[in-house]
Amino acid sequence: MIVFTLNNQKYTHPETCEDVTIQQVIEFYRDVYPTRPALMLEMSEAVSEEPINEKRVAAIEKKMQSKVWISTQLYPYFVRVVSHFCGVPVETLQGTSPEHLEYLYHHCIGAMRNPGEVQYKQLYLIDGEVYKLPTKLMSQSTLQEFAEAAQYEENAEIVSKGRPDTHEFYEGLLNVCSVILRKENEEYSDDVYERNRARFKTLPLQTLYEVGFFLKTLSLNYVLGLNLSLLKRAAAELQTT
C-alpha cells in the first residue's frame, strides 16, 4: 500500500494483488465496473474484434479525446473507482487535480492485474489459524464427500464458463476456495463452507492466484485447470478500461 494525502487526510492506494481484497474485487465488478462510460465499453469491444477495425478504433479514440466527455463521463468514473479502492470520499476526490486522479485510478486498476510471485503453496495462516489445501483429488464415496465435490464442481463450472470481468466469476473462485481451503483434518460441512466464505472475503486477491496455481499443479484440470488463464483474461480486459 502507498500512502497519500488529500485535504490533510491520509489514505492508501493499492500497488499489487496483495493490497486488494477479494471482497473489494467482487464489489468492484458488481457495483462500479458496470457504471463505466459507454465509450469505454465500445472501445473494449472494438479492440477485441478480429481483425481489428482500425477505422472504428480511430473514431472511438477521437470521441474519447473530447474534453467534455472526459470531464462529464470519464473522470466521474475514475472518481468512483478510486473512492471504492482507497476509501476517499467522492466529494474530496472532486477537488483533486486531473493528473492525481488519473494516477490513483491507474494504480487501483493496475493492482488487480499485478500479482506477486505465484508459487506452489499449500498452507495459509488466516486469523492466526493454519489452513491447508488438499493433497489429492476429491472422492464421492460418502454423502459428505459427495456434498463437498458437488459444491466444488458447481462453482468451478461458474468460473470456467464465466466472464472474468463479472462479480460472479470472482464469487465462484471465492466459493471454490471456501470448499477446499480448510483447517487441517477438518471435515467439510455447510457450516464450514459458510464460515470460510465469510472469512476469506478479506483475503488478498493474490490468494486466488496462488490457489489457482496450486490446483493446476495438482492437475485438477477437470474443474479449474483454466482459472489462471481466466484471471489473466480479466487483467487483459482491465487494460482497455
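**Note on the predicted model: helix packing, core and loops**

1. Gly 95 lies in the loop between α5 (90–93) and α6, where helices (H or I, at least four residues) and strands (E, at least two) are DSSP runs, numbered from the N terminus. Gly 95 is exposed, with a relative accessible area of 68%; here buried means under 20% relative accessible area, exposed over 50%, and partly exposed in between (1.4 Å probe, protein chains only). Although Gly 95 and Asn 7 are 88 residues apart along the chain, their C-alpha atoms are separated by 8.9 Å.

2. A word on the basis of these values. This is a predicted model, in which local features need pLDDT of at least 70 and side-chain atom pairs count only at pLDDT 80 or more, while totals for chains, interfaces and linings use all residues. Residues are numbered from 1 along each chain as its sequence is written, and side-chain values use heavy atoms, with hydrogens and water left out.

3. As an overview, the protein chain has 12 helices and 5 strands, and buried residues make up 46% of its 241 residues. Of the contacts in the chain with a separation of 6 or more, 68% are accounted for by residues 24 or more positions apart, a contact meaning heavy atoms within 4.5 Å.

4. Two packed helices are described by the angle between their axes and the distance between the axes. The axes of α1 (residues 22–32) and α4 (residues 67–86) come within 10 Å and cross at roughly 155 degrees; axes are lines fitted to C-alpha atoms, for helices over the stretch in contact, and angles run from 0 to 180 degrees between N-to-C directions. The two helices α1 and α4 are therefore roughly antiparallel to each other, given that angles under 35 degrees count as roughly parallel, over 145 as roughly antiparallel, 65 to 115 as roughly perpendicular and the rest as oblique. This contact is made by Gln 24, Glu 27, Phe 28 and Val 32 of α1 together with Tyr 77, Arg 80, Val 81, His 84 and Phe 85 of α4. These residues divide into 5 nonpolar, 2 polar and 2 charged, where Ala, Val, Leu, Ile, Met, Phe, Trp, Tyr, Cys and Pro count as nonpolar, Asp, Glu, Lys and Arg as charged, and the others, Gly among them, as polar.

5. How many of the 11 residues of α1 are buried? The number is 8, so α1 is largely enclosed by the rest of the structure. The buried residues are Ile 22, Gln 23, Gln 24, Val 25, Ile 26, Phe 28, Tyr 29 and Val 32.

6. Helix α4 also packs against α6 (residues 98–112), and here the axes come within 9 Å and cross at roughly 55 degrees. The helices α4 and α6 are therefore oblique to each other. Among the residues that meet are Tyr 75, Phe 78 and Val 82 in α4 and Pro 98, Leu 101 and Tyr 105 in α6. By class, this contact has 15 nonpolar, no polar and 1 charged residues. Pro 98 is partly exposed, at 37% relative accessibility, and its C-alpha is 7.8 Å from that of Tyr 75, which is 23 residues away in sequence.

7. In soluble globular proteins, nonpolar side chains tend to be buried together. In this model the largest nonpolar core has 59 residues, a core being a set of buried Ala, Val, Leu, Ile, Met, Phe, Trp, Tyr and Cys residues joined through side-chain atoms within 4.5 Å. Those with the most contacts inside this core are Phe 28, Tyr 77, Val 81 and Tyr 170, and α4 gives the most to the core, with 10 residues.

8. Another helix pair is α8 (residues 167–180) with α9 (residues 190–200), whose axes come within 8 Å and cross at roughly 125 degrees. The helices α8 and α9 are therefore oblique to each other. Their contact includes Leu 174 and Cys 177 of α8, and Tyr 193 and Phe 200 of α9.

9. Some loop residues deserve a careful look in the backbone. Asn 7, in the loop between β1 (2–6) and β2 (9–13), has a positive phi of about 50 degrees although it is not a glycine, and Asn 7 is exposed, with a relative accessible area of 64%. Asp 127, in the loop between β3 (123–126) and β4 (129–132), likewise has a positive phi of about 50 degrees without being a glycine, and Asp 127 is exposed at 60%. In the loop between α2 (38–48) and α3 (54–64) sits Pro 51, and the peptide bond from Glu 50 to Pro 51 is cis, with omega near -5 degrees.
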